[in-house]
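Please open the model in your viewer and keep the sequence beside it.

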Amino acid sequence: MSEREDIRSFTYDKLRERIAALSQKSFRADQVFDWLHVKKVDDFDQMTNLSKELRDKLASEYEIYEVKAVSTLKSSDGTRKYIHRLHDGNVIETVLLRYEYGNSVCISSQVGCRMGCRFCASTVDGLVRDLTAGEMAAQIYSVEADIGERVGHVVVMGSGEPLDNFDNFTDFIELITDKRGACIGARNITASTCGLVPKIRDLADRRYQITLALSLHATTDEKRKTIMPVANKYALSEIISACRYYFDTTGRRITLEYSLISGVNDGEEDIRLLAGIAKSLGAHVNLIPINPIEERQYRATSRNDAVLLKNKLEKNDINVTIRREMGRDIQASCGQLRRKYIKSQ
Ligand code: SF4
């Protein structure tokens, strides 16, 4: 990591403090924040309403960490998958999804991940490092620059466990929802967690209006432990109770993410228990037919079976969707594109 901090990571209040520490008037902080998060520049020299002296001073104290698209795959359905190179040479994945309601970007929150979920390519080499708040925001800005359109929805479901990078993640939420900056509505942001109980509670206490998606994937501790090592640390009962706290505190309904793995978690009993958990939380269920990954042996539940399972849940009055497969023609699941890119270098 660079010695100099990433100025793009500073929330408005923090930026004001730092600008004041340089003996500058407070309106300078507004100008710098505007350059970084409205005009979205990535070079101090582009901040043309600042004096050359101040630009040089900022450049000597801080950096704007680079997030540069080095590879882009475009799907016939409008999906774009990006490999972004960071200032230290690490690479991450970012995905643009186009919906009727607008553009949505799925960002990474860490380089790699240490959570070890058995069906996930992002964790195969463990955690390399956390992303800064600015590096999370810059993924969105890079996509906007590429398509020449605004991004109004964000999902934090790429590589990494956002709650394992809690301070940077929460700074990121404050940054991109700031009305003086990118101004993305909190209700248009979804973050997923594999179930870090104390952090779910901490996040609830922030009272952001973001949607929390719990990566559930199995309905008993026993089964969850076979696919998600985090289950050895936190029991489902504790996770469900933390999710209930999140709902009660924020008023935001939880989403349960459930990857369908053939013969592993898609049986009658699994679905009965899933219905029970969803009902107890008043949660929405998102069924995800997994993409097989080379490094693991899991197979996806067929589309037909997924529809049958959806119907079963609906009969129990559960609100369910099957995640639409987007960008299937350009690459498979999260984390794989990055691994392929690294291997090809
Ligand atoms: S699914 Fe998410 S939490 Fe689990 S290993 Fe992959 S990136 Fe990490």
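Begin by selecting the buried residues of helix α9, which are Asp270, Ile271, Leu274, Ala275, Ile277, Ala278 and Leu281; buried means under 20% relative accessible area, exposed over 50% and partly exposed in between, with a 1.4 Å probe and protein chains only. Seen down the axis of α9, these buried residues fall within an arc of 165 degrees, so they line one face of the helix, the arc being that of the directions from the helix axis to the C-beta atoms. This is a predicted model, in which local features need pLDDT of at least 70 and side-chain atom pairs count only at pLDDT 80 or more, whereas totals for chains, interfaces and linings use all residues. Residues are numbered from 1 along each chain as its sequence is written, and side-chain values use heavy atoms, with hydrogens and water left out. Helices (H or I, at least four residues) and strands (E, at least two) are DSSP runs numbered from the N terminus.

Then display what covers the buried residues, which includes α7 (221-227), α8, β12 (255-260), β13 (284-289) and α10 (303-315). Just after α9, glycine 282 has a positive phi of about 60 degrees.

Now select α8 (residues 236-250) together with α9 (residues 268-281): their axes come within 10 Å and cross at roughly 35 degrees, where axes are lines fitted to C-alpha atoms, for helices over the stretch in contact, and angles run from 0 to 180 degrees between N-to-C directions. From α8, Ile240, Cys243, Arg244 and Phe247 make the contact, and from α9, Ile277, Ser280 and Leu281, contact meaning heavy atoms within 4.5 Å.

Move on to helix α6 (residues 197-206), whose buried residues are Val197, Ile200, Leu203 and Ala204. Viewed down the axis of α6, they fall within an arc of 120 degrees, so they line one face of the helix. Their cover includes α5 (166-177), β10 (189-193), β11 (211-215) and α8, and arginine 207, which follows α6, has a positive phi near 55 degrees.

In the loop between α5 and β10, select aspartate 178, which counts as buried at 12% relative accessibility. Leaving aside neighbours within four places in sequence, aspartate 178 is in contact with Tyr12, Phe33 and Cys183.

Finish at the ligand, which is surrounded by Cys113, Met115, Gly116, Cys117, Cys120, Thr123 and Gly160, each with a heavy atom within 4 Å of it.
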